[in-house]
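Subject: Structure for your review

Dear colleague,

Please find below the structure that I promised to pass on to you. My notes on what was found in it follow directly after.

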Amino acid sequence: MTCQDLDLRLDDWLDGALTGDAAREVESHLAGCAACRERERELRQLLAHAAALPRSLAPARDLWPGIAERIGGGWLGWGARGFQPLALAAAAVVVLGLAALVLTRLAPERVRTVTMPAATPSATTFVAGGSAADPVLAQAEREYEEAAKALLEALQRHRGMLPAEDLARVESNLQVIDRALAEVREALVKDPANPELNRMLVATHRKKVDVLRRVVRLSTAL
Amino acid sequence: MEGLVGVVIGDTRIAMREDEDRRATELRLVRQAQAGDLVAFERLYRENERKVFGLCFRLSSDPALAEELTQEVFVRAWRKLSSFRGESAFSSWLYPLTVNVALSERRSRRRRDARIIATEDPASLERAPRSPAPEAGFDLEKAMATLPPGARAVFVLHDVEGRTHEEIAQLLGLAPGTSKAQLHRARRLLREALAS
């Protein structure tokens, strides 16, 4: 066996794919060839490196929101850029429209209460004089977002109960609200102390939670 | 000795029961997800994201692309979930999907914009997730990123993931002999990098 022959068979030998005479030929060559023994040593070292690599690696960021947005049709999406007060007005209109839709479909005795996150009293504190960088505002936002997330999850569980056209309208309305939220946030980055913007932010969060609460109640009552 | 054997058998039974419980929980989550439960699907994602990301990262050598690929795998998994019958583990069902997404996406991107995937992009390697190096002075992740894509894929699947040439041939649509040849090439290039 030449060194070139060994090079061709070394992989199979190390992987245990050679038996009998074929394996003995490789072993015999290695016993008498220092250069090939060195090659074998390097290859074993490489395979040890590879075997020691963890098969699981953590991504640097949470990838789930992007997945949820794509498969859930944008339930959790944060939309447009640039502050457009019109979007806020639109959000208010669709919220009112949605509330009307929900109220006309529901008889009060059919409403079943869904477990809701606690109210967010800190939000009122922040309205009085908060700013985008204000920790109270940040806390209020977190609480509203947690409430909205819990409601979205509840809605996902019960979405099969809602007629498709109603679901589409709800989703579309939520997207408008999310766009409005994104716009207010962006405006707050430029003008964090603006009390009007702060009030808008909290009001929009509250609207989103209200809408979700009503829709979840509707979906569980149908 | 009988006592020891009894302990071993008992431990094995406990491990088997735990495995059965895990499979049962997983199957329940899959059934819920198949019925449209996004929360159940998120739990399946959380259980499997690291394995899927690890494989995507090693097949693409680009952490940013690996993140996109991981998301694409789970989006496609959601869409194809009705075809999962629970005969294997969910992770086993995801595996060929992951390989397919990672390699086909890389190929299509290369065709689309002639982009060289990260192997010559030092900035992306700087951001790469690091594995604990068993020996200082040799970064296998970095060396793998310099391999030609075909050789890298076979090396990752065979020597890191522990797949056989027959399995690799099926996953990549190659002849087993081609898989062996690619592995030989990859090992030679990496051995040279290790020796230098």
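The largest nonpolar core has 49 residues, and those with the most contacts inside it are Cys56(B), Val154(B) and Phe155(B). Helix α2 (residues 38-60) of chain B supplies the largest share of this core, namely 10 residues. Another core lies apart from it and has 25 residues, including Ala140(A), Ile177(A), Leu188(A) and Met200(A). As general background, nonpolar side chains tend to be buried together in soluble globular proteins. Please bear in mind as you read that this is a predicted model.

Phe155(B) deserves a separate look. If its neighbours within four places in sequence are left aside, Phe155(B) is in contact with Met144(B), Leu147(B), Leu183(B), Ala186(B) and Arg187(B).

Chain B as a whole may be described as follows. Its secondary structure consists of 9 helices and 0 strands, and the order of elements from the N terminus is α-α-α-α-α-α-α-α-α. Of the 196 residues in chain B, 34% are buried. Among the contacts in chain B between residues at least 6 apart in sequence, 62% join residues at least 24 apart.

I turn next to the place where the two chains meet. There, 32 residues of chain A are in contact with 34 residues of chain B. On the side of chain A that touches chain B, the elements giving two or more residues are α3 (34-52), α4 (64-71) and α7 (135-158) of chain A. The most comes from α3(A), which gives 9 residues. Sorted by class, this side of chain A has 17 nonpolar, 7 polar and 8 charged residues.

Helix α3(A) also packs within its own chain. Helix α1 (residues 3-14) of chain A and α3(A) pack at an angle of about 30°, and their axes are 11 Å apart. Because angles under 35 degrees count as roughly parallel, α1(A) is roughly parallel to α3(A). The crossing of these two helices, α1(A) and α3(A), is right-handed. On the α1(A) side, the contact is made by Cys3(A), Leu6(A), Leu10(A) and Leu14(A). On the α3(A) side, the residues are Ala35(A), Cys36(A), Arg39(A), Glu40(A), Leu43(A), Arg44(A) and Leu47(A). By class, the contact of α1(A) with α3(A) has 8 nonpolar, no polar and 3 charged residues.

With kind regards

Definitions and conventions. Residues are numbered from 1 along each chain as its sequence is written. Chains are lettered from A and ligands numbered from 1 in the order in which they are written. This is a predicted model: local features need pLDDT of at least 70, side-chain atom pairs count only at pLDDT 80 or more; totals for chains, interfaces and linings use all residues. A nonpolar core is a set of buried Ala, Val, Leu, Ile, Met, Phe, Trp, Tyr and Cys residues joined through C-beta atoms within 7 Å. A residue is buried if 20 or more other C-beta atoms lie within 10 Å of its own, exposed if 12 or fewer, and partly exposed in between; C-beta atoms are placed from the backbone. Helices (H or I, at least four residues) and strands (E, at least two) are DSSP runs, numbered from the N terminus. Two residues are in contact if their C-beta atoms, placed from the backbone, lie within 7 Å. Ala, Val, Leu, Ile, Met, Phe, Trp, Tyr, Cys and Pro count as nonpolar, Asp, Glu, Lys and Arg as charged, and the others, Gly among them, as polar. Axes are lines fitted to C-alpha atoms, for helices over the stretch in contact, and angles run from 0 to 180 degrees between N-to-C directions. Angles under 35 degrees count as roughly parallel, over 145 as roughly antiparallel, 65 to 115 as roughly perpendicular and the rest as oblique. A crossing is left-handed if the near helix is turned anticlockwise from the far one by less than a right angle, and right-handed if clockwise.
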